[in-house]
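Please read them with the structure open.

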Amino acid sequence: MVYWLGERLYLNVTNRCPNRCYFCIRNFAEGVGGFNLRLKKEPSVLEVIRALEGVINRRVWKEAVFCGFGEPTERLDCILKVSRWLKRYFRIPVRLDTNGQGCLLNEGRDVIRELREAGFDRVSVSLNAHDEETYNAICRPVLKNAYKGVIRFIEEAAGLFETEVTAVDIPQVDLTKVREIAESLGASFRKRRYYFPAL
């Protein structure tokens, strides 16, 4: 549930995701960087904290990132509690890597405000498409109006956080248009490389 790449510490708290993106790394691999990210069960808040305690003093980490084989906001209460713990005892920068559907997954909650109050510093949102039709075709969301929900999430997050929009470099996606969308919403843009499975 806890892994690291370079100077960043990552937290994988769920394998659940409301998207079925054809390009997702979990379709082709068991994990990244030698770490297996397929969870046999979702860890409790205490289990995540215990795992962090075992590694957090090994080095100076640039940031802690909620990112793994699932969508972290599927477990909103868990990531809020762990972020508060990180901020209270280690004051480490905390980032959320998300598909931007947190408000749809947690209907009736002010997710953006709750993230801010729990100490999150940055948000990175995987938009992955320049329009709704493309998004539905390549990300195959389960939730209705997912693309519109992601756009709203980005716009709201950009008002409170340093917010980055990302897209995978695949033929169906117009990265120039995604960049324009990101900037129009007050976010920066970063291209992600596509993970090519071994043939």
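1. Start with D110 and R113. They form a salt bridge, with the closest N and O atoms 3.4 Å apart. This is a predicted model, so that distance is computed from predicted coordinates. D110 is partly exposed, at 37% relative accessible area. R113 is also at 37% and counts as partly exposed.

2. On the total: the structure holds 20 salt bridges. The points below take up a few of them.

3. Next, E42 and R16. Their closest N and O atoms are 2.7 Å apart, and the pair forms a salt bridge. E42 sits in the loop between β4 (35-36) and α1 (45-53), while R16 sits in the loop between β2 (8-11) and β3 (31-32), so the bridge ties together parts that are 26 residues apart in sequence. E42 has 31% relative accessibility, which makes it partly exposed. R16 has 39% and is likewise partly exposed.

4. Now a strand-to-strand pair. R95 forms a salt bridge with E63, the closest N and O atoms being 2.5 Å apart. R95 belongs to strand β6 (residues 94-98) and E63 to strand β5 (residues 63-66), so this pair ties together parts that are 32 residues apart in sequence. Buried or exposed, what is R95? R95 is buried, with a relative accessible area of 9%. E63 is buried as well, at 4% relative accessibility. The cut-off for buried is under 20%, so both residues qualify.

5. A network of salt bridges links R8, E63, R95, D97, R122 and E162. I would show these six residues together in a figure.

6. R75 is buried, with a relative accessible area of 14%. Where does its side chain reach? The side chain of R75 reaches the backbone oxygen of P43, at 2.6 Å.

7. The surroundings of R75 lead back to point 3. Leaving out residues up to four places away in sequence, R75 touches V13, T14, R16, E42, P43 and S44. That list includes R16 and E42, the two partners of the 2.7 Å salt bridge. It also includes P43, whose backbone oxygen the R75 side chain reaches. R75 is buried, whereas E42 is partly exposed and R16 is partly exposed.

Notes
Residues numbered from 1 in each chain as written. Predicted model: local features only at pLDDT ≥ 70, side-chain atom pairs only at ≥ 80, totals over all residues. Heavy atoms only, no water. Salt bridge = Lys/Arg side-chain N within 4 Å of Asp/Glu carboxyl O. Helix = DSSP H or I, 4+ residues; strand = E, 2+ residues; numbered from the N terminus. Buried < 20%, exposed > 50% of the residue type's maximum accessible area, 1.4 Å probe, protein only. Polar contact = N/O pair within 3.5 Å; in protein donor to acceptor, adjacent residues only side chain to side chain. Contact = heavy atoms within 4.5 Å.
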